[in-house]
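Student: Hi! Could you walk me through this one? I'm new to reading structures.

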Amino acid sequence: THVLQALAKALQALQRALQAAAERQADRQAEFDLQHRAEQLTALHRASLTISEAHDMDSLVLSIIKQASQLLHSSGGGVSLCDARKQQITVYEEISIGRRSYRGVVLQYGEGAAGIVAQTGKPLIINDYRTWPNRAAVYEEEHPYVATLSVPMSWKGELVGVLQVVDDQEMRRFTWADAELMSLLGDQAAIAIENTRLLQAERTVREQAEALREAARIVASTL
């Protein structure tokens with residue numbers, strides 16, 4: 001009886017020790033997760049600041065792709081812009097891991113990963129694009145990447161485009177935490193794109209007005 005009682009006490013002590021160890025491990029994991037999240041948000045903040053420094057559409061879009069790829073340590077990425085009236089999405093720029101450029105490729109809403117995101121307005125994770133049944137026909141010949149993460153870029157409730165990161169590593173798996181982080185960057189990118197469009201439109205109006213004034217001056221000087 002004494003032996004059983006001692007054994008029972010030893011088992012209880014072991015259970016308490018195991019529970020305490022599990023709690024310490026959970027605390028360490030929680031601390032690690034919080035630290036990792038803080039590092040990601042800091043990197044996101046830096047990426048947003050870097051994006052805001054661009055002053056023309058080409059350099060802006062290239063900066064968005066570079067920052068997105070660095071943020072998730074991916075092999076490449078791209079930005080496509082939406083035309084809601086035509087229900088089309090056009091690849092504006094990319095950092096490709098394939099042999100050819102897909103810049104200027106036009107997809108219909110619902111076609112391929114970017115087209116589906118444009119249609120649904122929701123992030124999309126694909127672990128292996130090569131075997132995904134809804135892949136766009138334009139990528140059939142080369143199969144330039146494996147894992148893809150696509151998120152909408154929205155501004156004031158309107159879809160501006162789709163931001164994508166891709167990877168050619170067989171074991172790469174994007175997560176929904178990655179999608180959440182990329183969605184935050186996507187919304188910042190949408191604001192920057194719309195601001196750049198406004199600036200370009202204002203610049204065009206000023207240049208046209210200046211051209212008209214110059215033409216009027218020339219005409220007046222010949223009278």
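Tutor: Happy to! Let's start with a word we'll need: a residue is called buried if its relative accessible area is under 20%, and exposed if that area is over 50%. Also keep in mind that this is a predicted model.

Student: Okay, so are Tyr129 and Trp132 buried or exposed?

Tutor: Tyr129 is buried, and Trp132 is buried too.

Student: And how many aromatic pairs does a search of the whole structure find?

Tutor: The search turns up one aromatic pair. Its members are Tyr129 and Trp132, with 5.5 Å from centre to centre and 45 degrees between the planes, so the pair counts as tilted.

Student: Nice. Switching topic: what pattern does the chain follow along the sequence?

Tutor: Reading along the sequence, you get α-α-β-β-β-α-β-β-β-α. That comes from four helices and six strands.

Student: What share of the chain is buried?

Tutor: Of the 223 residues in the chain, 37% are buried. The chain exposes about 13400 Å², and carbon and sulfur atoms supply 56% of that.

Student: Can we zoom in on Glu93? Where is it found?

Tutor: Glu93 is in strand 2, which covers residues 88-95. Its relative accessible area is 16%, so Glu93 counts as buried.

Student: Which side chain does the side chain of Glu93 make a polar contact with?

Tutor: That would be the side chain of Arg103, at 2.8 Å. Leaving aside neighbours within four places in sequence, Glu93 also has contacts that include Val61, Leu62 and Ile65.

Student: What does the charged end of Arg103 sit over?

Tutor: It sits over the ring of Tyr92, 5.2 Å from the ring's centre.

Student: Now strand 6. Why is it described as largely enclosed?

Tutor: Because eight of its 10 residues, in the stretch 158-167, are buried, strand 6 is largely enclosed by the rest of the structure.

Student: Which strands does strand 6 pair with?

Tutor: Strand 1 (residues 76-83) pairs with strand 6 in the antiparallel sense over six bridges. There, Gly77 stands opposite Val165 of strand 6. Strand 5 (residues 147-155) is also antiparallel to strand 6, over nine bridges. Here Ser150 has Gln164 of strand 6 as its bridge partner.

Student: How many residues are between the strands in the hairpin of strand 5 and strand 6?

Tutor: There are two residues between them, and in this hairpin Lys156 takes a positive phi near 55 degrees.

Definitions and conventions. Residues numbered from 1 in each chain as written. Predicted model: local features only at pLDDT ≥ 70, side-chain atom pairs only at ≥ 80, totals over all residues. Heavy atoms only, no water. Phe/Tyr/Trp six-rings, centres within 6.5 Å; stacked < 30°, edge-to-face > 60°. Buried < 20%, exposed > 50% of the residue type's maximum accessible area, 1.4 Å probe, protein only. Lys NZ or Arg CZ within 6 Å of the ring centre and 35° of its normal. Areas by Shrake-Rupley, 256 points an atom, 1.4 Å probe, with all protein chains shown as cover. Polar contact = N/O pair within 3.5 Å; in protein donor to acceptor, adjacent residues only side chain to side chain. Contact = heavy atoms within 4.5 Å. Pairing = 2+ DSSP bridges.
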